[in-house]
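Subject: Structure handover

Hello,

Here is the structure I promised to pass on. My notes follow below it.

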Amino acid sequence: MSKKERQRVEEVLRRLDEQYTTEYKCYLNHETPWQLLVATILSAQCTDARVNIVTKDLFVKYPDVTAFASADLEELEQDIHATGFYHNKAKNIIACARRVLEVYGGEIPSSIEDLTSLAGVGRKTANVIRGNIYREPSIVVDTHVKRISRKLGFTKEEDPEKIEYDLMEVLPKDHWILYNIHIITLGRTICTARSPKCEGCFLSDLCKKGEQN
């Protein structure tokens, strides 16, 4: 990366920090690592707001990993129906809970390899857990990160895993978690998918304005 490009990246991050602070936020409501894991599995193809509505009652009915491991499949499907893809999600959550109990003694593992061995857990979900629970530098590539990182010219890739590796090269490690938090906020408020407010964006002069798209 050239010195000029490095300076542009640094300025993007500086403005994001200034606009959104450097406070770690998680948009999925949870009180335990297991609850965050379940919420993240449910968030696939579903908004965080809807997941939070569903988990408000779900985590009362199933208070811990043991309760999920012994859940009735059809009943759990109905409990999470509103999040979509409920057949697979329910099956994966029960299988995941059983493996967490049997292999990891009820504790959520921290390594990417162990996490992705769990049913329904890909790199995105694993990195959510690593970043939010264990504060391990992790890059979560969701739809906002994919879209806006391409607009910023940080990656040309389409595949989330390839984007993750590109961002690991571009971003300093101390911003891996923050970048995701900031970009989600930016993507929901200013750089929306359908009608980005480029004229009012504090990054407009630094953005490659989707020329990679």
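Please keep in mind that this is a predicted model. I start with helix H1.

Glu-5 and Arg-8 both sit in helix H1, which covers residues 3-20. They are three residues apart, or about one turn of the helix. Their side chains form a salt bridge, with 2.6 Å between the closest N and O atoms. Both Glu-5 and Arg-8 are buried.

Arg-15 has a relative accessible area of 17%, which is under the 20% cut-off, so Arg-15 is buried. Glu-11 has 21% and is therefore partly exposed.

Glu-18 and Arg-14 meet in a salt bridge too, at 3.5 Å from N to O. They also lie in H1, four residues apart, again about one turn. Glu-18 is exposed, with a relative accessible area of 59%. Arg-14 is partly exposed, at 42%.

These contacts join up. Glu-11, Arg-14, Arg-15, Glu-18 and Asp-205 are linked in a network of salt bridges. The search of the whole structure finds eleven salt bridges. As background, side chains of opposite charge can pair when their charged atoms come close.

**Aromatic pairs**

The whole structure holds five aromatic pairs. One of them is Tyr-20 with Phe-202, an edge-to-face pair. The centres are 5.7 Å apart and the planes make an angle of 70°. Tyr-20 lies in helix H1 and Phe-202 in the segment after H11, so the pair ties together parts that are 182 residues apart in sequence. Both residues are buried.

Phe-59 and Phe-68 form another edge-to-face pair, at 6.4 Å centre to centre and 75° between the planes. Phe-59 counts as buried, at 11% relative accessibility. Phe-68 is buried as well, with a relative accessible area of 0%. Ring pairs also build a cluster from Trp-34, Phe-59, Tyr-62 and Phe-68.

**Helix H3**

Phe-59 leads on to H3, where it is one of the buried residues. H3 has 14 residues, 48-61. At 1.5 Å a residue the helix should span 20 Å, and its end C-alpha atoms are 20 Å apart, which agrees. H3 does bend, by about 35° at Thr-55.

Which residues of H3 are buried? They are Asp-48, Val-51, Asn-52, Val-54, Thr-55, Leu-58 and Phe-59.

Ser-43 is worth a look. It lies in the loop between H2 and H3. Is Ser-43 buried or exposed? At 10% relative accessibility, Ser-43 counts as buried. A polar atom of the Ser-43 side chain lies 2.7 Å from the backbone oxygen of Thr-40. Leaving aside neighbours within four places in sequence, Ser-43 is in contact with Leu-28, Asp-48 and Val-51.

Best wishes

Notes
Residues numbered from 1 in each chain as written. Predicted model: local features only at pLDDT ≥ 70, side-chain atom pairs only at ≥ 80, totals over all residues. Heavy atoms only, no water. Helix = DSSP H or I, 4+ residues; strand = E, 2+ residues; numbered from the N terminus. Expected span 1.5 Å × (residues − 1). Bend = angle between axes of the 7 residues up to and from the residue. Buried < 20%, exposed > 50% of the residue type's maximum accessible area, 1.4 Å probe, protein only. Polar contact = N/O pair within 3.5 Å; in protein donor to acceptor, adjacent residues only side chain to side chain. Contact = heavy atoms within 4.5 Å. Salt bridge = Lys/Arg side-chain N within 4 Å of Asp/Glu carboxyl O. Phe/Tyr/Trp six-rings, centres within 6.5 Å; stacked < 30°, edge-to-face > 60°.
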